[in-house]
Amino acid sequence: MDVRIFTEPQQGASYDDLLRTALAAEALGFDAFFRSDHYLPMGTDGLPGTTDAWTTLAGLARDTTTIRLGTLVSPVTFRHAGALAVQVAQVDQMSGGRVELGLGAGWFAREHEAFGLPFPARRFGILAEHLEVVTGLWATPPDATFTFRGEHVTLVDAPGLATPVQRAGRGGAPGVPIIVGGSGPRRTPELAARFAAEYNASFPEIDAIPGRFATIREAAAAAERPDGDLLCSVALVCAVGRDEAEFRRRADAIGREPDELREHGVCGTVDEAAERVAALRDMGVERLYLQVLDLHDPDLLELVAREVLPRANAS
């Protein structure tokens, strides 16, 4: 099971904070460093300031060497599909082919209001058209053009110059791996089966994970994708201590109740966290995103890498 670090910089982080965490994750052998794509803090003052996800990832593409990078997830309401295809392809080039794109419909209405961003009441169709456009542009050869006329997005004779390094598109076409997430019972699985390399369940109830994955795998089979072709992942909060007192200090630092963290995340003492990771693996989780909320606590990453994961793998 791949294990990735997932951060929420809108809660208060500078680029230097993110770089320090990404470099630590890289040195400790985590599979990837991901960040949310938000501008507005939630329940904090957000200091030292708002950062942009794809600007951040462009910097990390040059300042890291091996770790994979991406968003969980970029809202389609933030960026036009054509511009997003160019942005992501360029960051993939800058990283030498280490980028992944999580794409979603957007949900935080107040954030859009604060920054003057459109927030249509119906956004799922916009998400579907963005997926059509970014994958279509990436797969278009440099000597050809791409045209798309949808209800929400129109491109006319766009040159096929937004070319990622990776060839993760259907049939080995140029493209970065796409992550689609959500809890919808029909449309989300259909979109994931059609466009995604990975389906992500973000902060699900633990007992709901097997059923959610079964629905996704049924959709993948209906789309005639080979078994195992659509990877299934979860994102869960992480707060771990060597003992109960250290765990409670970490819970307090992120403003969460210890009992709630234990119920919903990879949290508690080292043994408890290792048991949860092993249980997730047995449920069919192929990739685990650990949501790290305190970016000024590098010891947490080392504790997970050095103690939690080895114990989970041994069980």
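Glu 113 counts as exposed, at 59% relative accessibility. The model is predicted. Glu 113 has a salt-bridge partner, Arg 110, with the closest N and O atoms 3.2 Å apart. Arg 110 is partly exposed, and its relative accessible area is 44%. Why do the two residues fall into separate classes? The line for exposed is drawn at over 50%. Glu 113 is at 59%. Arg 110 is at 44%.

Helix H4 covers residues 109–115 and holds both partners. Arg 110 and Glu 113 are three residues apart there, about one turn of the helix.

Arg 248 counts as partly exposed at 41% relative accessibility. Glu 244 is also partly exposed, at 29%.

Asp 37 lies in the loop between strand S2 (32–35) and helix H2 (53–63). Arg 79 lies in the loop between strand S4 (74–75) and helix H3 (81–95). The pair therefore ties together parts that are 42 residues apart in sequence.

Are these two residues buried or exposed? Asp 37 is buried, and Arg 79 is buried too.

Ala 105 is placed in the loop between strand S5 (99–104) and H4. Its relative accessible area is 19%. Buried means under 20%, so Ala 105 is buried.

Which residues does Ala 105 touch, leaving out those up to four places away in sequence? They are Val 76, Thr 77, Arg 123 and Leu 127. Val 133 is 28 residues from Ala 105 in sequence. In space the two are 15 Å apart, C-alpha to C-alpha.

## Cys 267 in strand S11

Cys 267 belongs to strand S11, residues 266–269. With a relative accessible area of 3%, Cys 267 is buried. Ala 239 is 28 residues from Cys 267 in sequence. The C-alpha to C-alpha distance between them is 4.8 Å.

Ala 239 is also one of the residues that Cys 267 touches, not counting those up to four places away in sequence. Under that count, Cys 267 also touches Val 237, Cys 238, Val 240, Phe 247, Leu 261, Arg 262, Glu 272 and Ala 273.

## A negative surface patch

Which residues form the negative surface patch? They are Glu 205, Asp 207, Asp 252, Glu 257, Asp 259 and Glu 263. Glu 263 is found in helix H9, residues 258–264.

Glu 263 is partly exposed, with a relative accessible area of 48%. Patch residues need over 30% relative accessible area and no salt bridge. At 48%, Glu 263 is partly exposed rather than exposed, because exposed means over 50%.

How values were computed. Residues numbered from 1 in each chain as written. Predicted model: local features only at pLDDT ≥ 70, side-chain atom pairs only at ≥ 80, totals over all residues. Heavy atoms only, no water. Patch = residues over 30% accessible without salt bridge, like charges linked within 9 Å, V, L, I, M, F, W, Y side chains within 5 Å. Areas by Shrake-Rupley, 256 points an atom, 1.4 Å probe, with all protein chains shown as cover. Salt bridge = Lys/Arg side-chain N within 4 Å of Asp/Glu carboxyl O. Lys, Arg positive; Asp, Glu negative; His and termini not counted. Charge placed at Lys NZ, Arg CZ, Asp CG, Glu CD. Helix = DSSP H or I, 4+ residues; strand = E, 2+ residues; numbered from the N terminus. Buried < 20%, exposed > 50% of the residue type's maximum accessible area, 1.4 Å probe, protein only. Contact = heavy atoms within 4.5 Å.
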